[in-house]
Amino acid sequence: MTVPQLAYFWGEDAFSIELAAEEFAKELASEAGQPLDVWRATAGGEDSADAVAEPGGSAARRQKLLAQIDQRTSTGTLFGAGTVVIVRQPGPLIRESASREQLLKSIDSIAPGNAIAFVDLIASGGKGPTQAGALRDEIAVRKGRVGEFPAPSRERMEGWVTNRAKQLGATLGPGAARLLAERVGAFVRENDVDRRRQTEMANAELEKLALYRPDTPITPQDVEVLVGEAVPGSTWAFLDSVGSRRPAEASALISRLLAEATPMPILITQIHRRLRELIVIREHIDAGTKPPDIVREMKLQPFRAQKLAEQARTWSADELDDALTDLYELDLLSKGIASDGSPHSLSDDRSELALVAWLGEHVGRAGGGTRPTDSGRSSEVGTRR
């Protein structure tokens with residue numbers, strides 16, 4: 001047998017992991033000369049590789065699943081097709097030594113014509129496969145197929161869409177791939193966004209578009225009509241674009257938030273909070289405060305402190321003060337109050353236009369702050385300019 005009987009596919013790209021398991025089963029079927037039975041089971045939860053789906057009965061459930069895996073793979077068939085077992089989120093099966101030994105025994109007893117593939121979708125931002133890669137390493141030692149599938153970054157997503165369209169036999173016109181990537185949320189800069197299922201969404205939309213345009217190129221207009229926006233973390237992404245002084249992105253995101261009827265007072269409050277954080281961080285940077293001290297004094301997680309420091313470096317202290325002062329006037333305007341305290345005609349349209357103007361005036365202005373490096377990340381929280 002040239003195709004191995006074992007496989008382990010892991011990473012943050014849910015669609016590619018599942019596709020790899022399906023392709024693995026097809027290769028086995030092609031080699032056997034007939035379709036194989038595919039049996040799927042899920043051992044753990046998606047957000048934690050060690051999660052147990054049925055609290056209180058986890059041990060019994062694991063034993064039952066291990067027995068089913070062994071039953072379906074340890075016995076060969078004289079007639080008919082073999083079986084490919086696909087096990088999702090296998091973490092619970094190797095967490096305890098007894099169940100791990102039982103699983104490895106089944107792996108070493110796979111009958112000819114059968115196979116097992118493990119599919120491990122790790123948590124967003126996870127550092128590696130379940131149980132520190134113990135099962136992955138066991139599969140690799142046995143010459144099984146091992147593959148890692150990271151979620152495409154915002155820079156790679158457009159290319160992924162283009163390549164997948166070719167695989168589906170669809171033709172994308174100029175600009176269509178980028179717009180589709182944008183619609184599924186790939187261009188949001190927020191680092192905390194869960195990107196694990198963006199390719200899954202993109203593939204589903206491509207299949208729909210391919211049916212809509214079977215013989216002609218798919219245009220950006222087709223994407224606009226047929227693909228709904230699924231931008232994750234829009235508010236956080238907007239605040240980050242403001243903090244990092246990316247005016248074009250901030251304008252696009254504020255238009256989306258306003259179209260979703262996000263209340264103006266909420267938006268202003270959130271911008272105010274971000275500016276206050278940047279002012280305090282900027283003061284610490286100018287004073288030469290060390291990164292650990294910033295984390296401690298502001299009671300922030302190190303990652304968030306570093307992100308805010310990167311944003312604060314793009315502003316001078318005076319620019320932040322000016323932005324906060326004008327935001328205060330914008331807040332009054334949105335409540336029907338003039339800057340001198342007198343009544344002012346209240347208009348949602350006027351308030352929204354004023355917010356867009358505020359973005360152009362303050363976010364789009366490059367002044368005393370320093371721009372981040374090309375990668376968008378600076379090396380240390382407390383580095384002085």
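**Figure 1. Secondary structure of the protein chain, which comes to 16 helices and 5 strands.** The model shown is predicted. Of the 385 residues in the protein chain, 46% are buried. Among contacts with a separation of 6 or more, 77% are made by residues 24 or more positions apart.

**Figure 2. Helix α6 and its buried residues.** Helix α6 comprises residues 157-167, and M157, W160, V161, R164 and A165 are buried within this helix. Viewed down the axis of α6, these buried residues fall within an arc of 135 degrees, so they line one face of the helix. The elements that cover the buried residues of α6 include α1 (14-32), α7 (176-183) and α8 (198-212). Just after α6, G169 adopts a positive phi of about 80 degrees.

Figure 3. M157 has a relative accessible area of 0%; because the cut-off for a buried residue is under 20%, M157 counts as buried. Apart from its neighbours within four places in sequence, M157 is in contact with P152, A181, V184, A186, Q198, T199 and A202. One of these contacts is A181, which is 24 residues from M157 in sequence, while the C-alpha atoms of M157 and A181 are 6.1 Å apart in space.

**Figure 4. Helix α11, formed by residues 247-259.** Helix α11 has 13 residues, which at 1.5 Å a residue should span 18 Å; the end C-alpha atoms of α11 are 18 Å apart, in agreement with that expectation. E249, A250, L253, I254, R256, L257 and L258 are the buried residues of α11. Following α11 is A261, which has a positive phi near 65 degrees.

**Figure 5. Packing of helix α12 against helix α16.** Two packed helices are described by the angle between their axes and the distance between the axes. Helix α12 (residues 264-286) packs with helix α16 (residues 348-363) at an angle of about 20 degrees, and their axes are 11 Å apart. Angles under 35 degrees count as roughly parallel, so α12 is roughly parallel to α16. The crossing of these two helices, α12 and α16, is left-handed.

Definitions and conventions:
Residues are numbered from 1 along each chain as its sequence is written. This is a predicted model: local features need pLDDT of at least 70, side-chain atom pairs count only at pLDDT 80 or more; totals for chains, interfaces and linings use all residues. Side-chain values use heavy atoms; hydrogens and water are left out. Buried means under 20% relative accessible area, exposed over 50%, partly exposed in between (1.4 Å probe, protein chains only). Helices (H or I, at least four residues) and strands (E, at least two) are DSSP runs, numbered from the N terminus. The arc is that of the directions from the helix axis to the C-beta atoms. Contact means heavy atoms within 4.5 Å. The expected span of a helix is 1.5 Å times one less than its number of residues. Axes are lines fitted to C-alpha atoms, for helices over the stretch in contact, and angles run from 0 to 180 degrees between N-to-C directions. Angles under 35 degrees count as roughly parallel, over 145 as roughly antiparallel, 65 to 115 as roughly perpendicular and the rest as oblique. A crossing is left-handed if the near helix is turned anticlockwise from the far one by less than a right angle, and right-handed if clockwise.
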